[in-house]
Amino acid sequence: MDFPKRKQLRLTEYDYSSPGAYFVTICTQDRRCILSHITVGADALGGPLLTLSETGKIVEKYILSSDRIDGLRVEKYVIMPNHIHLLLRIDGMFAGADGGPPRASAPTYATIPSAIGALKRLVHREAGQTVFQRSYHEHVIRGEADYREIWEYIDTNPAKWAEDRYYTA
């Protein structure tokens, strides 16, 4: 029996531990809306009100603790009902979080696959269920204009939830 060939998601010759910025989207298993709830027009200024579920709070806890991975920073994120967007930066392969040498107890460098794998495992363990689907989408940010566009996309994503490609009623 011939199985369908999985689409290659990564750039074949790209080093995902290279310093730079990355945009990552991770969807929940079966696109279940288990991370947050968005009420459009509900905040004090008429904007969207995003309320995290218990599972969403677990996800946020591990996103915010990602500074324990040497050389990796989460610069911006949003936890949508059935997916998360992360704007990540890898500062350098061998720098510790404080700019000095790496700590002996930490990995010597961050990679996007290792950071996403760790996030998924930690959330799975604490939530007691499979939260995220197997794969994820990443985009290597190529310049200031690309970075600003992604920053704005993350900022405005909750307000555009009904038009989002991952939207489910």
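Trainee: Where is the place of Asp30 in the chain?

Mentor: Asp30 lies in the loop between strand 1 (20–27) and strand 2 (36–39). Keep in mind that this is a predicted model. Arg31 belongs to the loop between strand 1 and strand 2 as well.

Trainee: What is the phi of Asp30?

Mentor: Phi of Asp30 is near 60°, a positive value in a residue that is not glycine. Arg31, not a glycine either, has a positive phi of about 55°.

Trainee: Is Asp30 buried or exposed?

Mentor: The way to read this is to check the relative accessible area: over 50% counts as exposed, and under 20% as buried. Asp30 has 66%, so Asp30 is exposed. Arg31 has 35% relative accessibility and therefore counts as partly exposed.

Trainee: How many disulfides does a search of the whole structure find?

Mentor: The search finds 0 disulfides. Cys27 is buried, with a relative accessible area of 3%, whereas Cys33, at 38%, is partly exposed.

Trainee: Let's move on to the helices. How are two packed helices described?

Mentor: Two packed helices are described by the angle between their axes and by the distance between the axes. Here, helix 1 (residues 54–64) and helix 2 (residues 112–127) pack at an angle of about 140°, with their axes 10 Å apart. That angle makes helix 1 oblique to helix 2. Helix 1 passes helix 2 in a right-handed crossing.

Trainee: Which residues of helix 1 and helix 2 make the contact?

Mentor: From helix 1 come Ile58, Val59, Lys61, Tyr62 and Ile63. Helix 2 brings Leu119, Leu122, Val123, Glu126 and Ala127. Sorted by type, the residues of this contact are 8 nonpolar, no polar and 2 charged.

Trainee: And which residues is Thr55 in contact with, leaving aside its neighbours within four places in sequence?

Mentor: Thr55, found in helix 1, is in contact with Ile34, Leu35, Gln129 and Val131 once those neighbours are set aside. Thr55 is buried, with a relative accessible area of 12%.

Trainee: Stepping back, how many helices and strands does the chain have?

Mentor: The chain has 3 helices and 6 strands. Starting from the N terminus, the elements run β-β-β-α-β-β-α-β-α.

Trainee: What share of the residues in the chain is buried?

Mentor: Buried residues make up 42% of the 169 residues.

Methods
Residues numbered from 1 in each chain as written. Predicted model: local features only at pLDDT ≥ 70, side-chain atom pairs only at ≥ 80, totals over all residues. Heavy atoms only, no water. Axes fitted to C-alpha atoms, helices over the stretch in contact; angles between N-to-C directions. Helix = DSSP H or I, 4+ residues; strand = E, 2+ residues; numbered from the N terminus. Parallel < 35°, antiparallel > 145°, perpendicular 65-115°, else oblique. Left-handed = near helix turned anticlockwise from the far one by under 90°. Contact = heavy atoms within 4.5 Å. Nonpolar A, V, L, I, M, F, W, Y, C, P; charged D, E, K, R; others polar. Disulfide = S-S within 2.5 Å. Buried < 20%, exposed > 50% of the residue type's maximum accessible area, 1.4 Å probe, protein only.
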